[in-house]
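My notes follow the structure.

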Amino acid sequence: MGKLLSYSGITTKIKAMQSKLITPEQFEELLSLESINDSVVYLKHLPGYEEIFSSYNEVTLHRQEIEKLLTNTIYRDFTKIYRFSNVEQRKYLDLYFKRYEIILLKTCLRMVFDHRDADLDLTIFKSFFDRHSKMDITKLSGSTSIEDLVNNLKGCEYYGPLNKLEHVESPTLFDYEMALDLYYFSTIWKTKNKILKKQELKIISEDQGCKFDILNILWIYRSKKYYNMSNADIYAALIPINFKLTKEDVTHLVEATTADDFSNYLQNTYYARHYQRLLEDNETANSIEAFYAAIRNNLHDTHARKYPYSIAMINSYLYKKEHEIDKLTTVLEIIRYKADPSFIDNYIVK
């Protein structure tokens with residue numbers, strides 16, 4: 001009864017927000033549009049986006065501005081859920097929020113590393129981060145070098161992980177992003193045990209544990225296929241957390257010498273049934289990314305259905321909203337470059 005009472009209001013709120021998510025049919029309509037301007041006009045008429053875009057002229061909006069506005073819809077929805085949450089629920093949302101800090105820091109890092117056309121105008125996000133973060137958006141916006149950026153994080157928890165790279169010879173963007181990721185993942189894994197109990201701890205442990213496992217599988221696959229990395233370097237870049245993917249599984253995958261070996265080893269892991277389902281689907285058989293999405297979608301849907309009055313509803317909605325923005329960004333790129341949408345339709349719409 002306690003969980004029902006504490007989650008009844010927020011569950012009702014989230015269900016109302018879910019009704020505003022973009023449907024597969026609406027994504028199909030977006031993919032058929034001729035220009036970015038047309039897509040903004042279309043978004044203006046959708047309940048989930050009219051508030052954000054209503055005061056802007058689609059003719060004068062640039063692509064980067066549109067992407068920032070789309071990202072702002074995530075922050076807006078997070079704020080709505082936060083306001084509806086009680087003290088215990090906010091503890092988890094504060095932990096979840098670190099994800100947004102990491103994403104923003106990665107954006108800053110990429111802008112600083114790319115000296116060609118750096119644009120660190122983060123003004124649109126300032127009010128949100130002022131409420132939820134200890135990071136100084138104004139200082140980060142003024143960063144002109146990696147040294148400036150790291151120094152502007154003094155007093156913030158991310159200063160330590162990034163400052164350690166000062167002793168590494170010629171650290172790359174990859175090094176900085178990996179340092180942030182590993183810090184974030186380990187923090188999530190440790191802190192959840194302190195702020196969550198019983199059913200809610202089980203839900204988040206399954207969600208994050210499976211996420212870490214699949215990210216490791218995805219990274220091993222990409223390292224071998226695209227980067228030709230040594231096994232030692234692959235091991236060094238993996239998330240040092242095992243959930244359902246055993247250390248033996250990881251060893252087999254990392255040391256697989258052929259794509260067939262990798263596939264065979266993957267079919268012997270806990271995640272085999274999900275992978276096999278994709279192999280049976282000709283449209284997605286060659287996409288390990290589809291494997292990641294299928295497992296995470298299935299887990300979030302299962303948790304939300306099984307535990308409707310729990311933290312699963314918050315977790316599931318934020319995941320779906322974030323991936324909706326990822327899809328929208330990809331759709332806009334397809335429209336912008338006049339790409340044939342058929343090759344990606346399976347991932348965007350389905």
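These entries cover the cavity first, then the salt bridges.

I worked on a predicted model. I searched for cavities of 30 Å³ or more and found one. The largest cavity holds about 120 Å³ of space. I listed its lining and got 16 residues, with Tyr96, Asp207, Gln208, Lys211 and Asn315 nearest the centre. Helices α6, α11, α12, α17 and α18 each give two or more residues to that lining. I sorted the lining by class: seven nonpolar, three polar and six charged residues.

**His300.** I then looked up His300, in helix α17. Is His300 buried or exposed? His300 has a relative accessible area of 4%, so I noted it as buried. Leaving out residues up to four places away in sequence, I found His300 touching Asp207, Asn315, Ser316 and Tyr319.

**Salt bridges.** My search of the whole structure gave 16. Arg63 pairs with Glu67 at 3.1 Å, N to O. Both sit in helix α5, four residues apart, so about one helical turn separates them. Arg63 also meets Glu333, at 3.8 Å. That pair links helix α5 to helix α18, 270 residues apart. I logged Arg63 as partly exposed at 32%, Glu67 likewise at 22%, and Glu333 likewise at 25%.

Next I checked Asp181 and Lys106, whose closest N and O atoms are 2.8 Å apart. Asp181 is in helix α11 and Lys106 in helix α6, 75 residues apart. Lys106 is buried, at 15% relative accessible area. Last, I traced shared partners: Glu51, Arg76, Asp77, Lys321 and Glu324 form one salt-bridge network.

Note on methods. Residues are numbered from 1 along each chain as its sequence is written. This is a predicted model: local features need pLDDT of at least 70, side-chain atom pairs count only at pLDDT 80 or more; totals for chains, interfaces and linings use all residues. Side-chain values use heavy atoms; hydrogens and water are left out. On a 1 Å grid over the protein atoms alone, a cavity is a set of points where a 1.4 Å probe fits but cannot get out, and a pocket is an open set with protein on both sides within 12 Å along at least five of seven lines; lining residues have an atom within 4 Å of a point. Grid points are joined across faces, edges and corners, and a volume is the space filled by probe spheres set on the points. Ala, Val, Leu, Ile, Met, Phe, Trp, Tyr, Cys and Pro count as nonpolar, Asp, Glu, Lys and Arg as charged, and the others, Gly among them, as polar. Buried means under 20% relative accessible area, exposed over 50%, partly exposed in between (1.4 Å probe, protein chains only). Contact means heavy atoms within 4.5 Å. A salt bridge is a side-chain nitrogen of Lys or Arg within 4 Å of a carboxyl oxygen of Asp or Glu.
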